[in-house]
Amino acid sequence: MKKLLRNPRFLFGACVLLALLFVAAFAPWLAPHDPMEQSLLNQLLPPSWAKGGDPAFLLGTDTLGRDLLSRLIHGARPALRVMVLGATLSAFVGILLGMLAGYFGGWLDAAVSRTVDTFMSFPPMLLAIVLAAVMGPGLNTVVIAVVLIGWTRFCRVVRGEVLALREQEFVTSARTIGVSHLRILFHEILPNLLPLVIVLLGLEMGRAIVVEAIMSFIGFSSSDLATWGGIIADARSYINQAWWAMTYPIVAIIIAVLGLNALGDGLRQVTDPVLQR
Amino acid sequence: MTPAYVLRRLLLAIPTLFGVAVVVFVLLRVVPGDPIAMMVPGEATPDDIARLREAYGLDKSIPVQFVLYLAQVVQGNFGTSISLKQDVLGLVLGRLPATLELACVAIALSVVCGVLLALSATYWRGTWVENAVDGVNSVALAIPEFLWAMLLILAFAVLVPVFPISGRIDPVRAVSFASQFYLLEALATGKFALARELLSHLALPAIALSLPLIAVIARVLKSSLQEVMVQDYILLARVKGFSDTRILTREALPNALLPTITVTGVHFIFLVGGTVLVELIFSYPGIGNMLFGAASNRDLPLIQGVTLVFALLFVLLNLLIDLTYAVVNPRMRQH
């Protein structure tokens, strides 16, 4: 634990994650305005510190006079939801299939590996767009898109790792003393996968936030929520009048992605016995 | 590399393509909405709708639809677009050149920049140049291309307006092209002003696409160059009195290229896949953008067509990369 707190990457990542959780949890109290409230008198206000800014609208407003700060704060909610649900579901599906394929081999491995190959022969965004066409826009579509794209990454890495672990002595000896396959998988192999899974999870959470931003940018997320991608899409249409509007969500996403990646990395640096030597 | 090897690789592509066809079909047939209901006017009679369903083959059972669909696809018949009422294959092939031009420009840009970065980091190793290259690489890899695209729009279209942010060519320019390969055609017919305009439209999407690949090439090539630079034959070249530049480019580079090609091959595929998103962001009229339109209109045949063409492109690229390995790596020639 002490080591964790001395690891700068982990600290940075943890701060970002906590900030994200805090902002998302208390969005209605933190945001000065309703993110959907339009005010035609206050269209396209610049940030409050710039000339012509209004202190009531700290980061300025968009073309409909909606407060950008409030939209940014509320945008953390769908981002966090997609991040948590999307990344954990991808991890769950990918790890489970990867473990089964790597451990049992044979036709199961062949089937899983072929499926992974097939999914990887689509550009990820193509998969997401096709899915959106099928399911219609919405937050659930975004979560499923994240899982469809993300499970293969867990599956491939975990399968390869299990393939190597399966031949290790602690597994073969567990087999000889008659431990069941299920118990070996979850008690012997799974704990050894954890350092790897933690890093992948950090990367995946970052990716999930980006996928959420992209899907809301192209209008395939829920349209009655304030989303970071939605702010970017709006801002792109009036970019020549107010370029700054686009920078807030971009900076928010970049910090979130870098923070989540650092979190996974830092956790691994501290927990992985190999790296500590 | 024997013909048998090529044949085996080609045969291996078939299950993947079949899998893609299955995934697309399954995804699209669980559609909750009825695509026909969306395309007919309100006053259409149930009879009209039934006739349309029949025309698009939507009245048959799912397995029958799949077999029919597969048989059609194998014959190169991708059906008729519901929203545009044109032949899907024709539509996709009409847009494909734009995507290919974008991908090729981006790949060329990545290779040139990546190799230059790696060479300069090796030439000036241990100085601030190497640190700067390492820094650029980390930043380029850490930020996803969607955000790069947005940052590029902010930087080069708004704050310093040098490049246009959308389209392939200025819409007011009335130029007719004989082919869909605008850039290639402009270059081939010597219309350089036109080529310059096309390139300036390509600049931002190509840069956004190439940044991750530049970083990967620079990183991998740099590390293999540094491995090569301590070899005995480089020392010999030094003893012979060759210049540093010559040693780097003529002696070290050829030997360091092989691992770079092996490692970066898969990233070419990522780049081509990235065109979907980048085309959307920059309103570039390639097949990625067409897919977005098709998805918004729930145009099933068009979505299927674009997806299959993309999958085919991926499979072909994979094959090409594998064959390149076989050609450049002497150790693989026996297999």
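Two residues are in contact here if their C-beta atoms, placed from the backbone, lie within 7 Å. By that rule, 35 residues of chain B are in contact with 31 residues of chain A. On the chain B side, helix 1 (3–29), helix 7 (145–159), helix 11 (244–281), helix 12 (287–296) and helix 13 (300–328) each supply at least two of the touching residues. Sorted by class, that side of chain B has 30 nonpolar residues, four polar and one charged. The classes work like this: Ala, Val, Leu, Ile, Met, Phe, Trp, Tyr, Cys and Pro are nonpolar, Asp, Glu, Lys and Arg are charged, and the others, Gly among them, are polar.

Some housekeeping before going on. This is a predicted model, where local features need pLDDT of at least 70 and side-chain atom pairs count only at pLDDT 80 or more, while totals for chains, interfaces and linings use all residues. Residues are numbered from 1 along each chain as its sequence is written, and chains are lettered from A and ligands numbered from 1 in the order in which they are written.

How confident is the predictor? The model scores ipTM 0.85 and pTM 0.85. Chain B averages a pLDDT (the predictor's confidence in each residue, from 0 to 100) of 83, with 91% of the residues scoring at least 70.

Now for chain B itself. Chain B has 13 helices and zero strands, where helices (H or I, at least four residues) and strands (E, at least two) are DSSP runs numbered from the N terminus. Its C-alpha atoms fill a box of roughly 90 × 55 × 40 Å along the principal axes. Among contacts between residues at least 6 apart in sequence, 74% join residues at least 24 apart.

Of the 335 residues of chain B, 35% count as buried. Buried means 20 or more other C-beta atoms within 10 Å of a residue's own, exposed means 12 or fewer, and partly exposed is in between. For an example, take G90(B), which is found in helix 5 of chain B. G90(B) counts as partly exposed because 13 C-beta neighbours lie inside 10 Å. The C-alpha atoms of G90(B) and T80(B), 10 residues apart along the chain, are separated by 9.5 Å.
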